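Please read the numbered points with the sequence and the model at hand.

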Amino acid sequence: RLNPALLRAEQAQLLARRSQAVANDQRARNLQAVGGMSDQEALQFSTEAKTAAALLAAKQLELAYTAIVAPDDGVISARTATLGAVAVFLAARTAAG
């Protein structure tokens, strides 16, 4: 079972991580532009920013699956059923298909 509060806390951590990674990537690009950083080091910061963004997107998707929304709003107060009706329906459907 997914705990929405825990997922929101993890989402907040990943959001902060992504913000820091994006800022580090921008600083690395600026240093690279003036020759203060190698291409390899700059690529590492860029990769970290992309990874942080991907982890955040995955957590947001996971969080979206914690809420189950019914197609209709309300409460079922009464429902009638006939004994064997489901079995008859399934047997007819199986025979036809």
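1. At the start of helix H1, a side-chain oxygen of Asn-3 comes to within 3.1 Å of the backbone nitrogen of Ala-5. Such a polar contact is a pair of N or O atoms within 3.5 Å; within protein, one must be able to donate a hydrogen and the other to accept it, and residues adjacent in sequence count only if both atoms are side-chain atoms. The model is predicted: local features need pLDDT of at least 70, side-chain atom pairs count only at pLDDT 80 or more, and totals for chains, interfaces and linings use all residues. Residues are numbered from 1 along each chain as its sequence is written, and side-chain values use heavy atoms, with hydrogens and water left out.

2. The protein chain has 3 helices and 0 strands, in the order α-α-α along the sequence. Helices (H or I, at least four residues) and strands (E, at least two) are DSSP runs, numbered from the N terminus.

3. How far apart are the end C-alpha atoms of H1? They are 43 Å apart, in agreement with the 44 Å that the 30 residues of H1 (residues 4–33) should span at 1.5 Å a residue. The expected span is 1.5 Å times one less than the number of residues. After H1 comes Gly-35, with a positive phi near 85°.

4. Which residues of H1 are buried? They are Leu-7, Gln-11, Leu-14, Ala-21, Asn-24, Asp-25 and Ala-28, where buried means under 20% relative accessible area, exposed over 50%, and partly exposed in between (1.4 Å probe, protein chains only). These buried residues pack against helix H2 (39–64).

5. The whole structure holds 3 salt bridges, each defined as a side-chain nitrogen of Lys or Arg within 4 Å of a carboxyl oxygen of Asp or Glu. In one of them, Lys-59 pairs with Glu-10, and their closest N and O atoms are 2.6 Å apart. Lys-59 belongs to H2 and Glu-10 to H1, so this pair ties together parts that are 49 residues apart in sequence. Lys-59 is buried, at 13% relative accessible area, whereas Glu-10 is partly exposed, at 25%.

6. Lys-59 also forms a salt bridge with Glu-62, with the closest N and O atoms 3.1 Å apart. Glu-62 and Lys-59 are 3 residues apart in H2, about one helical turn. Glu-62 is partly exposed, at 29% relative accessibility.

7. An α-helix has 3.6 residues a turn, so residues three or four places apart point the same way. Asp-25 is buried, at 9% relative accessibility, while Arg-29 is partly exposed, at 44%.

8. For the chain as a whole, 15% of the 97 residues count as buried. Contact means heavy atoms within 4.5 Å; among contacts between residues at least 6 apart in sequence, 71% join residues at least 24 apart.
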